[in-house]
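Thanks for passing this one along for a second pair of eyes. Have the structure open while you read.

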Amino acid sequence: MSAKQNILGKLRHSLTGTTPVPDNFDEALVTQIYTYPPEQRIAQLRKLMEAVHTEIHLTRGAEWPALLAQLLQKRELPSLLIAPTTEHGRRITEHWSNHPQLPQLKAYDRPVEEWKAELFNDTPASLTTTLGAIAATGSLILWPTREEPRLMSLVPPVHFALLKASEIYDNFYQVQQQFAWAQGMPTNALLVSGPSKTADIEQVLAYGAHGPKDLVVLILEDQ
Amino acid sequence: MNAALIPTVEVSEDFRTRAHQALGDAQLRNNFRNAMDSLMSKRAASFSDAHEREHLRALGNAVRARALSKLPDLLEQLEANLTRNGVTVHWAETVEEANAIVLSIIRRREATQVIKGKSMVSEEMEMNHVLAAQGIECLESDMGEFIVQLDHEKPSHIIMPAIHKNASQVASLFHEKLGVEYTKDVDQLIQIGRRVLREKFFEADIGVSGVNFAVAETGTLLLVENEGNGRMSTTVPPVHIAVTGIEKVVENLRDVVPLLSLLTRSALGQPITTYVNMISGPRKADELDGPEEVHLVLLDNGRSQAFADSELRQTLNCIRCGACMNHCPVYTRIGGHTYGEVYPGPIGKIITPHMVGLAKVPDHPSASSLCGACGEVCPVKIPIPALLRRLREENVKAPDSPHPVMRGQGSKYSRQERFIWNAWAKLHSSPTLYRLFTFAATRLRALVPNNVGPWTQNHSAPKPAARSLHDLAREHLAKQGAR
Ligand code: SF4
């Protein structure tokens, strides 16, 4: 008999004569106190994300590329990793082509194996979009794609994220239901609630453990 | 630096000896006291609404109980969905089988370097040790685990593995083992760890991780963490192997919503961890990164034994938040290493006997004052004190008693003790004997020795009263009657 058969056999034997516990999931418990009036969602998200050292900027659809350029220059970042084929990637390329002095743009357009060393050692910042955010926990929702792969939001020390104000949802339960997550999950889905951190030494909080040291969120108020 | 090739030191002696040593270590007690105080107050602050907390705990308990009530079906559903998503599922009854599975994947890939995110199940397997013996480097990447591995120790807490050390101890360790300049600055220490481990993530052939929740409905492995090492370990190397216990499965994706909230708040007082990483498959043909292969190893290792008994089954509700140890007055004083096994504290006392047999950890069930704090804070409402009492019973059952419940039961059985209890029961069920006994006890009270074993180490010897309660009551009633 295989390990699987043995394990399942033992478990089934132990359950003989029992009935499954009914599903009495009370969704009110995970939604009621985690529901906010629309005008408060940004404030709620901000409060939680800033409490864990996230930098947040309010901007608008027409202005964010300029703000991004400014933030890069202020931080003296020499380059920015982007997803060139996405809508926001194109916006950046366009803005950059009109402003020749800006930091270099890098495209994540080939398998990681072909440029792993550069990604790890010479890619100081990246910009990705988000699927939205969750006000209750102060979390960004990321579903990496072919265009915007998983490592983009993880390896570069500074991660810029774009967030549309209209896509800030109340809580995780609502997001799962509204977008029918249970019907199909991507290979990797993430909730990101700040820059990487640890309190493993003496409970002292330190940022920049293994992932990004800085998380900068640009909220597009008019979108 | 090749820390992983040197196996960790074995903790020697027995539980009592270790407890005495730990109690005498002022630095250790101080480190634990400070850490536990802070974890307790963070948890309390994050559950400021007691009403919500109690309802959420009830929901957490119901979700776990429902999952366990259909465990075999959910495991099959999980396997089917993961397989459909391209993940290979393996089953292991023992840690030896689980290690063999991991080794065979490593061999097939001709891998030499393994990087590990935090995984308590891999500690059960002693994976670092096993791989090191085969010449394969298996490096811990969680900062706490990294520190502990560097010092050839084992984790002393399931969430905060290096909590027994303070910053100066880590500073000396890094200085000695990594050859860096001595610094007590925590930020700098973390940056040193980051530098060393980034290189390892880059080089590793295989990433190993644990799993916090495995969702049957979607075939999703959910991992929570703050550091990003879990994401690194599961995303950068070409192969990801997740190892987990068979109890970690939940039925629906929505079930993780309350469990996640309970887990991060109970463990660290955070509304959520920095990363919630949901993995449902390996890299797709057109994707540019992510592992080519994802494996899940489902390990039994004694869990099906706990599952067989409907009371002990509740042990498997555990979501490994560590709150029970943070609130345990015994754990706080003796620290995690004293338990000598992978899981310390209250959860360790109720789960370890199923993994290694009661005979190997005979003192576990009794190393508790039964104050009840663990049961009160457990986010999935495991009645830990009741389970401890149950294990105490199993521990003193006669070795030949019918229907054995667990491996190694009866390890503290003593004929003498059993004889005394039987006599005690007789004495209290026969009025004549009882009267005779109290008569003798009150008259001969002067004969009680001043030294009665462990009792008199910390207490004065128990002396019977000059007159029994019965006697006094009789007299009292007689007086009242006379009035
Ligand atoms: S027994 Fe309860 S409190 Fe202890 S680790 Fe498990 S879930 Fe947390």
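Here are my notes, point by point.

1. First, a caveat: this is a predicted model. Local features are kept where pLDDT is at least 70, and side-chain atom pairs count only at pLDDT 80 or more.

2. Let's begin with how chain B meets chain A. On the chain B side 97 residues are in contact, and they touch 75 residues of chain A. Together the two chains bury about 7500 Å², with carbon and sulfur atoms giving 61% of that area.

3. The side of chain B that touches chain A is made up of 47 nonpolar, 23 polar and 27 charged residues. For a salt bridge to click on, take A:Arg12 with B:Glu76, where the closest N and O atoms are 3.0 Å apart.

4. Over all chains, the whole structure has 47 salt bridges. One worth a look within chain B joins B:Glu124 and B:Arg303, at 2.7 Å from N to O. This pair links distant parts of the chain: B:Glu124 is in helix α6 (residues 120–124) and B:Arg303 is in helix α13 (residues 303–307), 179 residues apart.

5. Which residues surround the ligand? They all carry the chain letter B, and among them are B:Cys318, B:Cys321, B:Cys324 and B:Cys378, along with B:Ile319, B:Arg320 and B:Pro379. By class, the shell has 10 nonpolar, 1 polar and 1 charged residues.

6. Last, the domains. Chain B is assigned domain 1 (3–305) and domain 2 (415–482). Taken over C-alpha atoms, the centres of these two domains of chain B are 53 Å apart.

How values were computed: Residues are numbered from 1 along each chain as its sequence is written. Chains are lettered from A and ligands numbered from 1 in the order in which they are written. Side-chain values use heavy atoms; hydrogens and water are left out. A residue is near a molecule or strand if one of its heavy atoms lies within 4 Å of it. Ala, Val, Leu, Ile, Met, Phe, Trp, Tyr, Cys and Pro count as nonpolar, Asp, Glu, Lys and Arg as charged, and the others, Gly among them, as polar. Domain bounds come from an automatic or database domain assignment. Contact means heavy atoms within 4.5 Å. Buried area is the accessible area (1.4 Å probe) that two parts lose on being put together, summed over both. A salt bridge is a side-chain nitrogen of Lys or Arg within 4 Å of a carboxyl oxygen of Asp or Glu. Helices (H or I, at least four residues) and strands (E, at least two) are DSSP runs, numbered from the N terminus.
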